[in-house]
Amino acid sequence: MNVILLAAISANGKIAEHEGQTSLDWTSKEDLHFFVEKTKEIGVLIMGRKTFDTIGKPLKGRRVIVMTKEEREVMEENEGGGKVEFTNEQPRELLERLQKEGIESVVIAGGSSIYSQFLRVGLITELYLTVEPVLFGDGIPLATGFERINLSFVDSTLLGDGSVLLHFLCQK
Ligand SMILES: NC(=O)c1ccc[n+]([C@@H]2O[C@H](COP(=O)([O-])OP(=O)(O)OC[C@H]3O[C@@H](n4cnc5c(N)ncnc54)[C@H](OP(=O)(O)O)[C@@H]3O)[C@@H](O)[C@H]2O)c1
């Protein structure tokens with residue numbers, strides 16, 4: 001299964017200045033465009049409850065699976081076909097279920113706690129990181145608490161005026 005970590009980071013590796021901050025506060029419109037295109041192409045996103053709270057609604061044409069310990073009702077958006085499900089499954093269990101459903105690729109859409117858990121158990125196969133031209137003096141790191149993972153560079157793309165999209169594969 002392709003498990004694709006997608007994130008926008010500051011030039012010093014942070015994904016937000018503080019908890020609850022929406023990425024739309026500081027990321028480029030070109031990165032948003034890439035996020036929409038890529039997530040529509042893959043179709044399934046996994047994210048943490050705090051990240052979902054910064055979005056708050058279904059994403060058009062995509063299935064969002066929110067990790068949370070709370071039980072919550074499925075949210076469906078009729079016109080755009082977006083759907084939000086909530087799960088208390090752990091990363092490996094969740095991916096195994098999706099694989100049984102025939103899903104071949106998923107996007108891991110953050111936040112830090114979710115990126116960290118999927119990296120910790122070695123489940124990420126690929127990364128797209130948009131480095132935005134900004135430094136945060138404080139904030140939430142991309143991920144923590146995992147053993148070193150070596151990456152293979154695939155390519156880089158300049159998005160707009162100064163954001164750089166990096167594409168890596170995780171080495172086995
Ligand atoms: N720059 C970017 O690309 C990017 C991407 C994503 C997010 N962000 C930012 O990151 C921030 C949020 O990150 P975060 O690390 O604080 O929070 P998060 O990972 O989005 O959410 C954490 C929550 O997810 C649930 N959770 C985590 N692991 C779980 C597990 N194994 N089983 C069940 N539930 C689990 C828990 O929800 P409950 O408390 O409900 O149980 C936990 O409180 C926001 O500011 C957001 O904007 C940035």
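**Entry 1: pockets**

I began with the largest pocket, which holds about 1,200 Å³ of space. The model is a predicted one, in which local features need pLDDT of at least 70, side-chain atom pairs count only at pLDDT 80 or more, and totals for chains, interfaces and linings use all residues. Residues are numbered from 1 along each chain as its sequence is written, and side-chain values use heavy atoms, with hydrogens and water left out.

For the search I took a pocket as an open set of points on a 1 Å grid over the protein atoms alone, where a 1.4 Å probe fits and protein lies on both sides within 12 Å along at least five of seven lines; lining residues have an atom within 4 Å of a point. The volume is the space filled by probe spheres set on the points, with grid points joined across faces, edges and corners.

I then asked which residues are closest to the centre of the largest pocket. They are Thr51, Thr54, Ala109, Gly110 and Gly111, out of 47 lining residues. Two or more lining residues come from each of strand 1, strand 2 (14–16), helix 1 (29–42), strand 3 (44–48), helix 2, helix 4 (112–120) and strand 8. Helices (H or I, at least four residues) and strands (E, at least two) are DSSP runs, numbered from the N terminus. I sorted this lining by class and found 20 nonpolar, 19 polar and eight charged residues. Here Ala, Val, Leu, Ile, Met, Phe, Trp, Tyr, Cys and Pro count as nonpolar, Asp, Glu, Lys and Arg as charged, and the others, Gly among them, as polar.

The second largest pocket has a volume of about 180 Å³. Its lining includes Leu119, Ile124, Arg148, Asn150 and Lys172. By class, that lining divides into five nonpolar, four polar and two charged residues.

**Entry 2: strand 8**

I next looked up strand 8 (residues 126–131), where five of the six residues are buried, so the strand is largely enclosed by the rest of the structure. Buried means under 20% relative accessible area, exposed over 50%, and partly exposed in between (1.4 Å probe, protein chains only).

**Entry 3: salt bridges**

I found eight salt bridges in a search of the whole structure, each being a side-chain nitrogen of Lys or Arg within 4 Å of a carboxyl oxygen of Asp or Glu.

Lys29 and Glu30 meet through their side chains at 3.3 Å, N to O. Lys29 is exposed, at 65% relative accessible area, whereas Glu30 is partly exposed, at 25%.

Arg49 and Asp53 form a salt bridge with their closest N and O atoms 2.9 Å apart. Both belong to helix 2 (residues 49–55) and are four residues apart, so about one helical turn separates them. Asp53 is partly exposed at 43%, as is Arg49 at 33%.

For Glu89 and Arg97, the closest N and O atoms of the salt bridge are 2.7 Å apart. Is Glu89 buried or exposed? Glu89 is buried, with a relative accessible area of 17%, while Arg97 is partly exposed at 27%.
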